[in-house]
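Colleague: Could you take me through one loop and its surroundings in this model? I'd like the backbone and the packing in one go.

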Amino acid sequence: MKYRGKPGTRVICLLLGSGIAGAFAWQLAQPPADKYIAAMDNPHRVLKVDEVIAKLELKPGMIVADIGSGSGSFSIPMAKAIAPNGILYAVDIDQAMLDHVAARAKEAGVSNVRTVLGEFDDPKLPVKNADVAFFHRVLHMIEHRQAYLNATARYLAPDGRVVVIEKNREDSPDWMWLNQPDVDSWMAAIGFYPAQHFGVFDDRYFVAYQRPYGKSVLLKKGPAKKD
Ligand SMILES: C[S@@+](CC[C@H](N)C(=O)[O-])C[C@H]1O[C@@H](n2cnc3c(N)ncnc32)[C@H](O)[C@@H]1O
């Protein structure tokens with residue numbers, strides 16, 4: 001993956017939380033999993049996991065994909081929120097990371113986590129009816145965003161949501177963050193619109209994208225009225 005930051009800069013700082021600059025990484029050259037996991041589990045990271053889960057109204061029985069699950073900071077609590085009959089798919093490209101999530105789930109007595117080794121351009125989910133595909137600080141790591149989002153949409157239920165939490169570049173120019181209008185346009189290209197904006201974070205946007213379906217203002221359910 002090409003570095004998208006300042007020209008000429010060879011080394012990339014991976015910002016994992018407020019004020020934390022740690023490991024070096026990009027799509028095709030990740031840091032070793034143990035270093036990455038230690039950085040992700042840094043207690044100073046601002047994650048607001050409970051608030052995120054509450055805003056998304058995750059409920060028992062839902063199918064949720066935590067894409068780029070990393071050390072599982074969101075996977076485990078999300079799995080608990082959708083238990084007992086919901087399934088949390090933790091997707092990553094690094095098997096060591098997935099092994100860590102599986103071990104963490106086992107230790108926590110959480111039995112509804114399934115790990116999925118994704119491909120760079122495809123999360124490879126084993127279902128076609130996911131309710132939520134969740135990306136927290138991941139989309140910027142993916143080289144072919146449009147292709148990845150397009151692939152992801154194929155695993156969603158018709159009213160499924162793609163949830164993106166990222167920073168705008170102008171708010172944090174030292175890293176290859178993604179501006180929300182760019183994400184909006186990639187989502188629009190595959191038929192999704194920004195249905196909900198959540199103001200949980202001071203430094204990140206948190207948007208749920210959906211297709212026009214069901215309760216959407218853009219498309220009403222039911223047959224058209226006859227004159
Ligand atoms: C910055 S970490 C974020 C982890 C987690 N979402 C969190 O916020 O704690 C990015 C994660 O995305 C994963 N990743 C990078 N490219 C990916 C891809 N194409 N598909 C799935 N996961 C990817 C990395 O292995 C890493 O675990």
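Colleague: How many C-beta neighbours does Lys-48 have inside 10 Å, and what does Lys-48 count as on that basis?

Modeller: Bear in mind that this is a predicted model, where local features need pLDDT of at least 70, side-chain atom pairs count only at pLDDT 80 or more, and totals for chains, interfaces and linings use all residues. Residue numbers start from 1 along each chain as its sequence is written.

Lys-48 has 15 C-beta neighbours inside 10 Å, so Lys-48 counts as partly exposed. The cut-offs are 20 or more other C-beta atoms within 10 Å for buried, 12 or fewer for exposed and anything in between for partly exposed, with C-beta atoms placed from the backbone. You'll find Lys-48 in the loop between H1 and helix H2 (49-56). Helices here are DSSP runs of H or I with at least four residues, strands are E runs of at least two, and both are numbered from the N terminus.

The backbone is worth a look too: phi of Lys-48 is near 50 degrees, a positive value in a residue other than glycine. For context, most residues other than glycine have a negative phi. Glu-57 also has a positive phi near 50 degrees, and Glu-57 sits in the loop between H2 and strand S3 (63-67). Glu-57, though, is exposed, with 11 other C-beta atoms within 10 Å.

Now go back to H1, which covers residues 33-40 and has Tyr-36, Ile-37, Ala-39 and Met-40 buried. Those four cover an arc of only 160 degrees around the axis, so they end up on the same side of H1; the arc is taken over the directions from the helix axis to the C-beta atoms.

H1 also packs with a partner: its axis and that of helix H4 (residues 95-107) come within 9 Å and cross at roughly 50 degrees. That angle makes H1 oblique to H4. On this scale, under 35 degrees is roughly parallel, over 145 roughly antiparallel, 65 to 115 roughly perpendicular, and the rest oblique. The axes are lines fitted to C-alpha atoms over the stretch in contact, with angles from 0 to 180 degrees between N-to-C directions. The H1 and H4 crossing is right-handed, meaning that the near helix is turned clockwise from the far one, whereas left-handed is anticlockwise by less than a right angle.

Pro-84 is in the loop between helix H3 (75-82) and strand S4 (87-92).
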